[in-house]
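User: I am new to this structure and would like a close look at one part of it. Could you take me slowly through the aromatic side chains and what surrounds them?

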Amino acid sequence: MTTAPAPRTSDRFHRGAIRWVVLAAVGLGALLMIAPFALMVMNAFKSPADYSSGSPLSLPTELYTDGLAYFWGRVNFPVKLWNSVWTSALVAVAATFLSLFNAYALGVGRVRGRAWIIAVFMIANMLPQEGLIYPLFTMAQEVGLTDNPWSVVIIFTVIQSAFGTYLLASVLGTFPRALLEAAELDGAGRWQILWRVVFPIVRPTMSVLMIFFFIWTWNEFFIPLVMLTSNDNQTVPIALSSLQGDRMLDVPTLNAGALVSLVPTFLFFLFFQRTLTRGVTAGAVK
C-alpha cells in the first residue's frame with residue numbers, strides 16, 4: 001500500500017499566504033463598512049463649535065450630549081418612534097401573510113397564467129415611487145385616509161407583498177406534489193393543507209421576509225413624507241429630514257439624530273439575528 005506524499009514546504013507556505021491575504025481583505029472590507037458608523041458616532045458627540053473648528057475626521061475634544069437632547073425634544077422622538085414601530089411591524093406581518101396566500105394560490109394552486117402574474121408582481125415591485133405617488137395620494141384622499149398612518153400601512157403592505165409573493169411562489173412552485181396528494185387522500189382541505197403542510201415548511205422563509213419588510217418599511221421616506229403631513233403622524237426618517245434647513249445644517253445634531261434613529265433597528269436586528277440565520281440556512285438546505 002502506497003502512502004500519499006507529504007505536502008511540500010512551498011505548498012504549505014503558499015496556502016498560508018493565501019489565507020492571510022484573504023483575511024486581510026476581509027478585515028479591510030469590515031473596516032470600510034464600519035467607517036461611516038464610526039464617523040457618525042464620533043460627530044454625534046461633538047459640539048457645533050468643535051465641529052466647525054476641526055474636521056469630520058477629528059476626535060471630539062469633549063463629550064457633548066446636548067445634540068441628542070435637542071433632537072429628542074425638537075422632533076418629539078418618542079411619538080415618531082412609536083409611529084415607525086407600529087406601522088413597520090403591521091406592514092411586516094400583513095405583507096408576509098398576504099404573500100403566503102398569494103403564493104399558495106400561484107405556486108400550489110397552479111393558477112392559469114401563473115408566470116405572467118408573477119411577472120406583473122415583479123414589474124409592480126420595480127416601479128419607482130415617484131411614479132406611484134400621485135395616484136396613491138389621490139386614492140387616499142378619495143377614501144378619507146389623508147394624513148393617516150393607515151394609508152402608509154396599506155400602501156406598503158401591497159408593495160412589500162409583491163416581492164414576497166414572487167419569492168414564496170418560486171419556493172412553492174417546487175413543492176412536492178406527492179406530499180400534497182397524500183394530505184388530500186387523508187381528507188385535508190385546502191385550508192388545512194396550507195396551515196398543516198405548507199406553512200411549517202415555508203415558515204423560516206417567512207421569518208426572513210418579515211424581518212426584511214420591517215427594516216424596509218422603517219427606512220421608507222418619500223411616500224410617508226407625502227402621505228403624513230401632521231407632526232403627530234410622521235415617522236423617524238421624516239423627523240431626521242426636519243433637521244436640515246434651507247440655509248443652515250447642524251451636522252452634529254443631524255448625526256446625533258441618526259444615531260438615536262439607528263439604535264431601534266440595530267436592536268431589532270440583534271434580537272432577530274438568530275431567526276434570520278436560521279431562516280436563511282433552512283431555506284438553503286431545503
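Analyst: **Aromatic rings and their surroundings**

F163 has a relative accessible area of 24% and is therefore partly exposed, the class that falls between buried (under 20% relative accessible area) and exposed (over 50%), as found with a 1.4 Å probe on protein chains only. W216 is also partly exposed, at 34% relative accessibility. The model is predicted, so local features need pLDDT of at least 70 and side-chain atom pairs count only at pLDDT 80 or more, while totals for chains, interfaces and linings use all residues. Residues are numbered from 1 along each chain as its sequence is written, and side-chain values use heavy atoms, with hydrogens and water left out.

Across the whole structure a search finds 16 aromatic pairs, where rings of Phe, Tyr and Trp (its six-membered ring) pair if their centres lie within 6.5 Å, and planes under 30 degrees apart count as stacked, over 60 as edge-to-face and the rest as tilted. F163 and W216 form one of these pairs, edge-to-face, with 5.6 Å centre to centre and 70 degrees between the planes. Because F163 lies in helix α7 (residues 149–172) and W216 in helix α9 (residues 190–219), this pair ties together parts that are 53 residues apart in sequence; helices here are DSSP runs (H or I, at least four residues), numbered from the N terminus.

F268 and F272 form a tilted pair, 4.7 Å centre to centre and with 50 degrees between the planes. In that pair F268 is buried, at a relative accessible area of 16%, whereas F272 is partly exposed at 28%. Elsewhere, ring pairs join F97, F101, W191, W195 and F199 into a cluster.

Helix α7, which holds F163, also holds T157, and T157 is buried at 10% relative accessibility. Setting aside its neighbours within four places in sequence, T157 is in contact (heavy atoms within 4.5 Å) with V91, A94, A95 and L98.

Key:
Helix = DSSP H or I, 4+ residues; strand = E, 2+ residues; numbered from the N terminus.
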